[in-house]
Amino acid sequence: MNAKHQTEEVQMTEQFEAGEQTSEISIPSPSDMTSFKSAESAGFVADTTVVKTASRSWQYTSNNSQPNSNQQSATDDASTGFAADTTIVKTTKRSWVHQPSSAKQGIIFTEKSVDASNKAKTQKQLDGAIALAWSRVKTRRRPPALTPTRWVWRLAGSYHLCQPTQQLMETAAWRFASAGRMVLAGWAAQKASEEAGHDRLALLDIQSMGYKAEAVVKELVPPAAATLVNYFTRSVQARDPIGCAGYSYTMERLAMGIKEDYIQRVEALLLPNTHATRCLRVHSGIGNDVGHVDETVDMMTELTSDERVQVARACYETALLCFSPPSEDYISEEELAHVLKALEQTNTDEI
């Protein structure tokens with residue numbers, strides 16, 4: 001590593017340690033329906049993305065718009081339980097029991113209150129990393145306008161983002177538990193339970209659009225979604241899998257900016273009686289992601305300062321992937337229409 005890169009590394013680490021007081025990271029939709037556009041990125045949508053901190057703000061307005069599907073809903077067998085000083089981490093495939101030397105070591109998401117100032121400082125650190133990534137993405141590329149056809153492309157991206165989450169988080173939980181890091185193990189096991197079956201929502205949405213859902217997600221793999229899943233997978237498989245916490249936080253934090261008015265505008269583009277926003281509603285500011293973000297911040301307050309810096313770095317790297325346009329051209333409306341024409345469902349097709 002040369003001197004310049006060493007200096008940048010030190011500066012970035014200092015920024016991750018300090019964070020920036022982020023007052024807003026939002027993804028609002030325009031009020032004027034005639035100007036309704038949408039940015040296309042890795043699994044979430046935006047019209048104007050605003051990132052504000054105490055010292056600066058950035059705004060981006062787009063001129064244009066962007067394997068096993070039989071997952072079952074989470075059951076009591078995919079949960080996280082805690083009893084006295086023994087921590088039990090359960091997923092659908094494995095379970096671990098950890099008896100810490102002190103009660104504090106094995107506690108996560110308990111009824112005890114989290115210090116408000118520590119929680120605010122932690123969220124400032126994580127949101128500051130996301131804001132830093134936004135400030136460093138400079139592009140003139142604009143994604144295509146949102147259409148019903150392109151909404152199917154988005155739903156395919158949502159499927160591919162959701163599909164591996166349960167298994168990857170179960171793997172992360174096992175790895176954390178094996179290392180005695182029970183706070184992170186419990187968090188990852190809970191994530192595995194929370195996200196189970198969300199890929200099926202995307203399949204149901206695609207089916208509601210009139211297409212063979214299984215065939216669509218096999219044929220359409222948006223590069224942005226593939227890039228993010230690759231990052232997520234590498235984070236879980238890394239020597240220290242803590243990066244998956246930064247990935248998860250960033251994806252849910254950005255999803256919080258999707259509000260009811262945006263969802264209604266997406267629905268207005270679709271044919272009547274089309275129910276194709278179930279997955280979007282779950283991963284939005286009116287879904288579960290708001291509570292998930294709060295729970296993750298609570299968990300982060302239990303970590304060491306070095307661990308929080310590692311998570312902030314992963315937030316930065318994930319946000320860079322989210323904010324950056326794909327390296328290749330966006331798929332055209334004509335190409336999408338051609339692919340989907342052959343995948344239209346018959347009345348007998350079911351998921």
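**Val236 and its neighbour in the chain**

I looked up the contacts of Val236, where contact means heavy atoms within 4.5 Å, and found that Val236 touches Leu168, Thr171, Ala172, Arg175, Pro241 and Cys244, not counting residues up to four places away in sequence. I note here that this is a predicted model, in which local features need pLDDT of at least 70 and side-chain atom pairs count only at pLDDT 80 or more, while totals for chains, interfaces and linings use all residues. Residues are numbered from 1 along each chain as its sequence is written, and side-chain values use heavy atoms, with hydrogens and water left out.

Val236 has its place in helix H8 (residues 223-237); helices here are DSSP runs of H or I with at least four residues, strands are runs of E with at least two, and both are numbered from the N terminus. From C-alpha to C-alpha, Val236 and Phe176 are 10.0 Å apart in space, although 60 residues apart in sequence.

Ser235 also has its place in helix H8, and Ser235 is buried, with a relative accessible area of 8%. Leaving out residues up to four places away in sequence, I found that Ser235 touches Asp240, Pro241, Gly243 and Cys244. I also noted that Ser235 and Leu168 are 67 residues apart in sequence and 9.6 Å apart in space, C-alpha to C-alpha.

**Salt bridges**

How many salt bridges does a search of the whole structure find? The search finds 13, a salt bridge being a side-chain nitrogen of Lys or Arg within 4 Å of a carboxyl oxygen of Asp or Glu.

I looked up the pair Asp127 and Arg253, whose side chains meet in a salt bridge at 3.1 Å, N to O. Asp127 lies in helix H2 (residues 116-136) and Arg253 in helix H9 (residues 243-255), so this pair ties together parts that are 126 residues apart in sequence. Both Asp127 and Arg253 are buried.

Next I turned to Lys191, which counts as buried at 2% relative accessibility. Lys191 forms a salt bridge with Glu194, with the closest N and O atoms 3.5 Å apart; because Lys191 and Glu194 are three residues apart in helix H5 (residues 182-195), about one helical turn separates them. Lys191 also forms a salt bridge with Glu252, and there the closest N and O atoms are 2.9 Å apart. Glu252 lies in helix H9 and Lys191 in helix H5, so the pair ties together parts that are 61 residues apart in sequence. Glu252 is buried as well, with a relative accessible area of 5%.

**H2 against H9**

I looked up how H2 and H9 cross, and their axes come within 11 Å at an angle of roughly 80°; axes are lines fitted to C-alpha atoms, for helices over the stretch in contact, and angles run from 0 to 180 degrees between N-to-C directions. This makes H2 roughly perpendicular to H9, since angles of 65 to 115 degrees count as roughly perpendicular, under 35 as roughly parallel, over 145 as roughly antiparallel and the rest as oblique. In this contact, Gln123, Leu126, Asp127 and Ile130 of H2 meet Tyr249, Thr250, Arg253 and Leu254 of H9.

**H3 against H6**

Helix H3 (residues 148-162) and helix H6 (residues 198-208) pack at an angle of about 160°, with their axes 8 Å apart. That makes H3 roughly antiparallel to H6. I noted which residues meet: Val152, Leu155, Ala156, Ser158, Tyr159 and Cys162 in H3 face His198, Asp199, Ala202, Leu203, Asp205 and Ile206 in H6.

Asp205, which has its place in helix H6, I looked up separately, and Asp205 counts as buried at 0% relative accessibility. Not counting residues up to four places away in sequence, Asp205 touches Leu155, His275, Ala276, Thr277, Arg278 and Cys279.

Technical notes:
Buried < 20%, exposed > 50% of the residue type's maximum accessible area, 1.4 Å probe, protein only.
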